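Here is a short briefing for a first look. Please have the sequence and the structure at hand.

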Amino acid sequence: IAWAGYVRIGGVDQWIQIRGEDRRNPVILVLHGGPGGTMIPRSYEDDRNWERDFTVVHWDQRGGGRTWLRGEDPAITPTIDLITTDGIEVTEFVRRRLGAPKVVLVGHSWGTILGLEMARRRPDLFYAYVGTGQVVNMRANETVGYARLVERVRAEGATADLARLEALGPPPYADLNTLGVERGILMRHPPRGERDLQVRTLRAMFRAPGYGLSDIWRLSTKQPDPRLWREVMAYDAAERGLTFRIPVFIVQGAEDIQTPTELVHPFFEALVAPTKEMVTVPDVGHMLALVRGDVLLGEIKRLVLPVVRREIRVGVVSG
């Protein structure tokens, strides 16, 4: 299976890619980070092992990837609710096209906000939800993350970056540019398992079919929509409900200080789901999905495939 194209979703042409080796395999819908990101340029290299066991769907959301490159109406304010509605429509399209009864949701970072909201709204569409770089409470994320970054930079003896952080002070910040300075320092001081991330990402983008130099530059330098970002910064997953009607699994980098793992643990313990499990992976942080995709895939196979097989057996018996 190798298909990609624009589909009219929510009145906008949105880019969807579907790849796999066997139509009988379960379908995974990947929800990229951002807002305004894309995982498709990396997927041509990163997803080869995934495509043996799953049909993998990538979707460039509003404000990201080829959907954004196509051009969007600036008068439409992107919101969590609007993109959640888009995600439900994308899921329905994928189910029709592939003849899939349900889909597995896999969200990374911002995609975990979207994944939780989609799972809450339409649990009938999904076998399970898997989050990595799980967003719990953005205000708390930023406060704890800043403190942990100061500790990391101080421990590494990076006096110049430490001075910059102290000059910025703790969040919240007044604008995205200030946040971007803090994120730049964070990217210069990743955990051990993420130190080659930027090089690997740029290499994958240059090798990805269909992307010119101008596309790569525009996507690499793109900022999130400030209207959506303000809503994201107020997001609190627990306030929106802790009860889910589908299995919930979280695979989290132990060194994640962008969506701090120390905040994910109590959220996970409090949530109610038919089945749930949380796994922490050492030596990596927020970008586990990009640097240890093999580990994430292994956990998804272990956690999710039994759920899919059980539902299929129940469906066959009841049918």
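Which side chains meet in a salt bridge of 2.8 Å, N to O? R302 and E277 do. A salt bridge here is a side-chain nitrogen of Lys or Arg within 4 Å of a carboxyl oxygen of Asp or Glu.

This is a predicted model, in which local features need pLDDT of at least 70, side-chain atom pairs count only at pLDDT 80 or more, and totals for chains, interfaces and linings use all residues. Residues are numbered from 1 along each chain as its sequence is written, and side-chain values use heavy atoms, with hydrogens and water left out.

**Salt bridges**

- The whole structure holds 28 salt bridges.
- R302 sits in helix α14 (residues 293-318) and E277 in strand β8, so their bridge ties parts 25 residues apart in sequence.
- Helices (H or I, at least four residues) and strands (E, at least two) are DSSP runs, numbered from the N terminus.
- R302 is partly exposed at 42% relative accessibility, and E277 is partly exposed at 29%.
- Buried means under 20% relative accessible area, exposed over 50%, and partly exposed in between (1.4 Å probe, protein chains only).
- E142 and R183 also form a salt bridge, at 2.8 Å from N to O.
- That pair links helix α6 (residues 138-155) with helix α8 (residues 176-188), 41 residues apart.
- Both ends are buried: E142 at 4% and R183 at 16%.
- R19 bridges to E51, with the closest N and O atoms 3.4 Å apart.
- R19 lies in strand β2 and E51 in helix α2 (residues 50-53), so the bridge joins parts 32 residues apart in sequence.
- R19 is partly exposed at 26%, whereas E51 is buried at 8%.

**The sheet**

- An open sheet of 8 strands runs β1-β2-β4-β3-β5-β6-β7-β8, with mixed pairing.
- Two strands pair if DSSP finds at least two bridges between them.
- β1 (2-9) and β8 (276-281) are the edge strands; each has a single partner, so one side of each lacks a neighbour in the sheet.
- Strands β3 (residues 27-31) and β4 (residues 55-59) pair in the parallel sense over 4 bridges.
- In that pair, V27 stands opposite T55.

**Surface patch**

- L202, F206 and L213 make a nonpolar surface patch of about 340 Å².
- Patches take residues with over 30% relative accessible area and no salt bridge, joining like charges within 9 Å and nonpolar side chains (Val, Leu, Ile, Met, Phe, Trp, Tyr) within 5 Å.
- Accessible areas come from the Shrake-Rupley method with a 1.4 Å probe; for residues, only the protein chains shown count as cover.
- F206 belongs to helix α9 (residues 197-207) and is exposed at 52% relative accessibility.
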